[in-house]
Amino acid sequence: MDTYQAGDGWDALGDPTRRAIVACLAERPQAVGELAEALPISRPAVSQHLKVLKDAGLVTDRAAGTRRVYRLNPAGVAALRDQLDTFWNRALASYQEVVEQPTEEKS
């Protein structure tokens, strides 16, 4: 198993504020100020959380005049989904193995 890595998407989503930011960005791309209005934290705090999400590959940004607009990164979100699908498929396969094992009759 690989060791934990800085910038990991799952680690980034471990913070409830970052999950809230991701939920906001799932609705539509937004600038820092728009996100700060929707959350109980300051603009600098939103920027710090966005940096973590960007380093983890979950969001991207682009310049729009004097501000930066953030959006979810489809490739980063897809990578998390692929990992989750892998976990789920392994769990289902394990459950199936247990269910299909013959039971021993007690005498």
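Does glutamine 83 count as buried, exposed or partly exposed, and at what relative accessibility? Glutamine 83 counts as partly exposed because its relative accessibility is 32%, where buried means under 20% relative accessible area, exposed over 50% and partly exposed in between (1.4 Å probe, protein chains only). This is a predicted model, in which local features need pLDDT of at least 70 and side-chain atom pairs count only at pLDDT 80 or more, while totals for chains, interfaces and linings use all residues. Residues are numbered from 1 along each chain as its sequence is written, and side-chain values use heavy atoms, leaving out hydrogens and water.

**Glutamine 83**
- Glutamine 83 sits in helix α5 (residues 74–100); helices (H or I, at least four residues) and strands (E, at least two) are DSSP runs, numbered from the N terminus.
- Its C-alpha atom is separated by 9.9 Å from that of tryptophan 10, 73 residues apart along the chain.

**Helix α4**
- The buried residues of α4 are Val46, His49, Leu50 and Leu53.
- They share the same side of α4, because they cover an arc of only 105° around the axis (taken from the directions from the helix axis to the C-beta atoms).
- Exposed residues Pro44, Gln48, Lys51 and Asp55 are on the face turned away from that buried side.
- After α4 comes glycine 57, with a positive phi near 80°.

**Strands**
- β2 and β3 pair in the antiparallel sense over six bridges; pairing requires that DSSP finds at least two bridges between two strands.
- Alanine 63 stands opposite arginine 68 in β3.
- In the β2–β3 hairpin, two residues lie between the strands, and glycine 65 in the turn has a positive phi of about 70°.
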